[in-house]
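These are my notebook entries on one structure. I set down what I looked up, entry by entry.

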Amino acid sequence: MAELTIREAITKGLREALDNDPKVFMMGEDIGAYGGPYAVTRGFFDQYGAKRIKDTPISESVIVGAGVGAAMGGVRPIVEIMTINFSLLASDQIVNHAAKIHYMTNGQYSVPLLIRTVTGGGAGLGSTHSQSFEGWYSSIPGLKVVVPSTPIDALGLLRSSIKENNPVLYCEHALLYGVRGEVPDDYYETPLGSSRVEREGTDLTIIGYGKMVGLAAEAARTLSERGIEAEIIDLRSLRPLDTDSLISSVKKTHRCLVLDEMWKTGSLGTSIAYTIQKEAFDSLDAPVAHLGGEDVPSPFSKPLEDLAFPTTQSILQSIEDNFEL
């Protein structure tokens, strides 16, 4: 076992892909000579050269469009979009091309394209740099969407994503790059479409992904001191979604809180809450609760920003408000 940060785990996976498959190459803004805006690709340009590490102009639609075309042509591009906020400029290429070409050509073409991007708020970067669109993209048939919260899954999900013959949106939370954890030395993969039990419990199921998993774990420790044992499910994969594991956990605990950073209106969390309410209704002792981001643009002011996203304290308050425990 080796202790790695999430950043180091992703770097390791990318190096493996480049070393093991000559069809893999990377494109993105500042990923080459600069070393990547989040230092994930530092040293790659010197090691692999300009043919495999391609610095691009600031044009997200062109970056993703070129990636789609290259993938259709038989190679395996890894495209980096500096933040998921900028993916809106490439949304036509992602939604109307990458996600639909296999279906619209009756399987004649596949798009083995991996899009890496950075998501999440809380870094004080203002309204247009603090959004979480991974839930939006998870509603698009033809796309797969993953969000690791630990180094072991950052590497395992990356390995599985690189092998996919479908387009994958691989979302890295901006505030989790320094999270450390043990990663096996032996090769492994984390299957897409599988969730993970972060913590076992009997009184309440808390479902989340990305940064929310760590916050849920902090809340669970406080609850445990009060004699309440919460089970935490890390989604890891937003599409495909491991609905069976969620339902199984809720049938055991009889209560459920769903967390995400997206705006409350129209979020993935509300969709998950509906599914659980429908499929596990007879097992519930209380309605499924959802705690998401506030329906406001993310404030630049740090004190106001802290009020816009779930925190450990707001998770505990939501549990107190919604469940008799």
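**Cysteines and conventions**

Buried means under 20% relative accessible area, exposed over 50%, and partly exposed in between, with a 1.4 Å probe and protein chains only. I record that the model is predicted, that local features need pLDDT of at least 70 and side-chain atom pairs pLDDT 80 or more, and that totals for chains, interfaces and linings use all residues. Residues are numbered from 1 along each chain as its sequence is written, and side-chain values use heavy atoms, with hydrogens and water left out. Cys 171 is likewise buried, with a relative accessible area of 0%. I then searched the whole structure for disulfides and found zero; a disulfide is a pair of cysteine sulfur atoms within 2.5 Å.

**The five-stranded sheet**

I traced an open sheet of five strands in the order β9-β11-β10-β13-β14, with mixed pairing. Strands (E, at least two residues) and helices (H or I, at least four) are DSSP runs numbered from the N terminus, and two strands pair if DSSP finds at least two bridges between them. β9 (196–199) and β14 (289–293) are at the edges with a single partner strand each, so one side of each has no neighbour in the sheet. The twist averages 25° from one strand to the next; axes are lines fitted to C-alpha atoms, for helices over the stretch in contact, and angles run from 0 to 180 degrees between N-to-C directions.

I checked two pairings. β13 (residues 256–263) runs parallel to β14 over four bridges, and Leu 259 has Leu 291 in β14 as its bridge partner. β10 and β11 are also parallel, over five bridges, with Thr 205 opposite Glu 231 in β11.

In β10, five of the five residues are buried. Leu 204, Ile 206 and Gly 208 point one way, and Thr 205 and Ile 207 the other way. Side chains in a regular strand alternate between the two faces of the sheet. Helix α8 (residues 211–225) lies across β9, β10, β11 and β13, at about 170° to β11.

**The seven-stranded sheet**

I traced a further open sheet, of seven strands in the order β3-β2-β4-β5-β7-β6-β12, again mixed in pairing. Its edge strands, β3 (53–55) and β12 (237–239), each pair on one side only. The twist averages 20° between one strand and the next. β2 (residues 24–28) pairs with β4 in the parallel sense over five bridges, and Phe 25 is the bridge partner of Pro 77 in β4.

I asked what Glu 80 in strand β4 (residues 76–81) is placed against. Its contacts beyond four places in sequence include Met 27, Ile 31, Thr 41 and Arg 116, where contact means heavy atoms within 4.5 Å. Glu 80 counts as buried because its relative accessibility is 8%. Its side chain makes a polar contact of 2.7 Å with that of Arg 116.

**Helix α1**

I noted that α1 lies across β2, β3, β4, β5 and β7, at about 130° to β2. Among its buried residues are Ile 6, Ile 10, Leu 14 and Ala 17. Thr 11 lies in this helix (residues 6–20) and is buried because its relative accessibility is 15%. Beyond four places in sequence, Thr 11 contacts Val 40 and Phe 44.

Technical notes
Polar contact = N/O pair within 3.5 Å; in protein donor to acceptor, adjacent residues only side chain to side chain.
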